[in-house]
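Here's a quick briefing for anyone opening this structure for the first time. Have a look at the sequence and the model, then read on.

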Amino acid sequence: MEFQTALTKALEVGRERHAFSVVNDTRKLELVSDEDQRWIRYTWAPLAIKAGTKRIAVVVAPHGLSKMAIEEMFKGRRNTGEQLQSRTFDSVADGMNWVAEP
């Protein structure tokens, strides 16, 4: 639930600031539960699109269960023509550079 609360708050801040990109640093996240994965895919992502979010950069740990879960969520999504582009990165700087691209 804490995970869902943080992502919901990120959307609220994005709407207030008219932000169109998100960088999510998950390196300290220990696990992404199946419930959270489904919530991200079927609830949060549609809300992010509705809020105007265009790009999401997710910074992942170099190893661990959360890295595996996040990479599994992103598998097959990269070049699907969806309104919401998403990629994983090893560093916040790389994620920030990608979301700042025109």
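What follows is a short tour, from the overall fold down to single residues.

This is a predicted model, so a few ground rules apply: local features need pLDDT of at least 70, side-chain atom pairs count only at pLDDT 80 or more, and totals for chains, interfaces and linings use all residues. Residues are numbered from 1 along each chain as its sequence is written, and side-chain values use heavy atoms, with hydrogens and water left out.

**The overall picture**

- The protein has four helices and three strands; helices (H or I, at least four residues) and strands (E, at least two) are DSSP runs, numbered from the N terminus.
- Starting at the N terminus, the elements go α-β-α-β-α-β-α.
- The radius of gyration is 13 Å, close to the 13 Å that the globule rule gives for 102 residues, so the protein is as compact as a globular protein of that length. (The radius is taken over C-alpha atoms, and the rule is 2.2 Å times the number of residues to the power 0.38.)
- Along the principal axes, the C-alpha atoms fill a box of roughly 35 × 25 × 25 Å.
- Of the 102 residues, 38% count as buried. Buried means under 20% relative accessible area, exposed over 50%, and partly exposed in between (1.4 Å probe, protein chains only).
- Look at contacts with a separation of 6 or more, and 82% of them come from residues 24 or more positions apart. Contact here means heavy atoms within 4.5 Å.

**The nonpolar core**

- The largest nonpolar core has 18 residues. Such a core is a set of buried Ala, Val, Leu, Ile, Met, Phe, Trp, Tyr and Cys residues joined through side-chain atoms within 4.5 Å.
- Leu7, Ile40, Trp44, Ile56, Val58 and Ile70 have the most contacts inside this core.
- At least two core residues come from each of α1 (2-17), α2, β2 and α3, and α2 gives the most, with five residues.
- Val58 reaches well beyond its sequence neighbours: leaving aside those within four places, Val58 is in contact with Asn24, Thr26, Ile70, Phe74, Arg87, Thr88 and Phe89.

- In helix α3 (residues 65-74), the buried residues are Ser66, Lys67, Ala69, Ile70, Met73 and Phe74. They cover an arc of only 165° around the axis, which puts them on the same side of α3. (The arc is that of the directions from the helix axis to the C-beta atoms.)
- These buried residues of α3 pack against α2 (34-50), β2 (55-59) and β3 (85-89).
- The face of α3 turned away from its buried side carries the exposed Leu65 and Met68.
- In α4, Gly95, Trp98 and Val99 are buried. Their arc is only 95° around the axis, which puts them on the same side of α4.
- The buried residues of α4 pack against β1, β2 and β3, while Asn97 and Ala100 are exposed on the other side of α4.

**Around Trp98**

- There is one aromatic pair. Rings of Phe, Tyr and Trp (its six-membered ring) pair if their centres lie within 6.5 Å; planes under 30 degrees apart count as stacked, over 60 as edge-to-face and the rest as tilted.
- The ring centres of Phe89 and Trp98 are 5.6 Å apart and their planes are at 45°, so the pair is tilted.
- Both Phe89 and Trp98 are buried.

- Asn24 is in strand β1 (residues 21-25) and counts as buried at 19% relative accessibility. Not counting residues up to four places away in sequence, Asn24 touches Leu7, Ala57, Val58 and Val59.
- Val60 lies in the loop between β2 and α3 and is buried, at 3% relative accessibility.
- His18 sits in the loop between α1 and β1 and is exposed, at 61% relative accessibility.
- Asp94 belongs to helix α4 (residues 92-100) and is partly exposed, with a relative accessible area of 40%.
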